[in-house]
Amino acid sequence: MIAIQKSADRGYANHGWLKSYHSFSFASYYNPQKMGFRDLRVINEDYVDPGKGFATHSHRDMEIVSYVLEGGLEHKDSMGNTAIIYPGEVQIMSAGTGVSHSEYNPSPQDLVHLLQIWILPDTPGLTPRYEQKKYPNEEKQNQLRLVVSPDGRDCSVTIHQDAKIYASFLDAGKQVEHQLGANRHAWIQLITGEIVVNDSWLVAGDAAAISEQDKIAIAAQQNSEFLLFDLA
């Protein structure tokens, strides 16, 4: 079964300095039919104005992944981490027992465009942790590059959940396949371009929730970028 979520059906919030599209219920956007998919709880596509950002705030018991698409996002947290996240990098913050952080666009002229992803942890009350790694585009070109996993395999960042995230850039006319294990599910978030997932057509901003499928075939109709979540 493949269920398509169209880009236009996402929630939307305009805070002036922040424009955000919500795949699932978040903040003032509430839809009881969209409370997440498996352990995937949040995918927000955010556009942050120059010189603006999220003031210091706190989280607990959540695995928070930042995937920057354009610009640079400055991160500071109560664990003492300070970093700027650029396209090609993946950051994860395990909030665990509690962590405070801020996210800021330090550029005076450029927008930041990113995906903010929240995944429920497998265990509450863990020690907070932070990790950030860079993945060159050639490692994602016309293939699925594992960037998040529960065991850190293949230099992926580690998550406290039985979940994996793959990133890919597909050239027009190229195809990749992913085998789902027994009782596994997938979510595909298309960032740019157009793809066909098995027999379902997606355009930029669309997503596909996939269950009861052994194999996923993803064919690019245009140059495309997407994330694939492999979930229990």
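This is a predicted model: local features need pLDDT of at least 70, side-chain atom pairs count only at pLDDT 80 or more; totals for chains, interfaces and linings use all residues.

I began with S102 and found it in strand β10 (residues 99-104); strands here are DSSP runs of E of at least two residues, helices are runs of H or I of at least four residues, and both are numbered from the N terminus. S102 has 16% relative accessibility and counts as buried. For that word I use under 20% relative accessible area, with exposed over 50% and partly exposed in between (1.4 Å probe, protein chains only). Leaving aside neighbours within four places in sequence, I listed the contacts of S102 as F54, A55, T56, E74, H75 and K76, a contact being heavy atoms within 4.5 Å.

Residues are numbered from 1 along each chain as its sequence is written, and side-chain values use heavy atoms, with hydrogens and water left out.

Next, the chain as a whole. I counted zero helices and 22 strands in its secondary structure. The radius of gyration is 17 Å, close to the 17 Å that the globule rule gives for 232 residues, so the chain is as compact as a globular protein of that length. The radius is taken over C-alpha atoms, and the rule is 2.2 Å times the number of residues to the power 0.38. Along the principal axes, the C-alpha trace spans about 45 × 40 × 40 Å. Of the 232 residues, 52% count as buried. I also noted that, among contacts with a separation of 6 or more, 69% are between residues 24 or more positions apart.

Then I turned to strand β15 (residues 163-170). How many of the residues of β15 are buried? Eight of the eight are, so the strand is largely enclosed by the rest of the structure. I checked which way the side chains go: A163, I165, A167 and F169 point one way, K164, Y166, S168 and L170 the other way, and all are buried.

Which strands pair with β15? Strand β13 (residues 145-149) does so in the antiparallel sense, over three bridges; I call two strands paired if DSSP finds at least two bridges between them. L146 has Y166 of β15 as its bridge partner. Strand β22 (residues 224-231) also runs antiparallel to β15, and eight bridges join the two. There, L170 has S224 of β22 as its bridge partner.

I looked at two loop residues as well. D39 lies in the loop between β3 (18-22) and β4 (40-48), and at 21% relative accessibility D39 counts as partly exposed. Beyond the neighbours within four places in sequence, D39 is in contact with W118, I119, L120 and Q161. D39 and W118 are 79 residues apart along the chain, with 8.8 Å between their C-alpha atoms.

N198 sits in the loop between β18 (194-197) and β19 (200-203). With 22% relative accessibility, N198 counts as partly exposed. Again leaving out neighbours within four places in sequence, the contacts of N198 are I2, Q213, K215, I216 and A217. I checked A217 against N198: 19 residues separate them in sequence, and 5.1 Å separates them in space, C-alpha to C-alpha.
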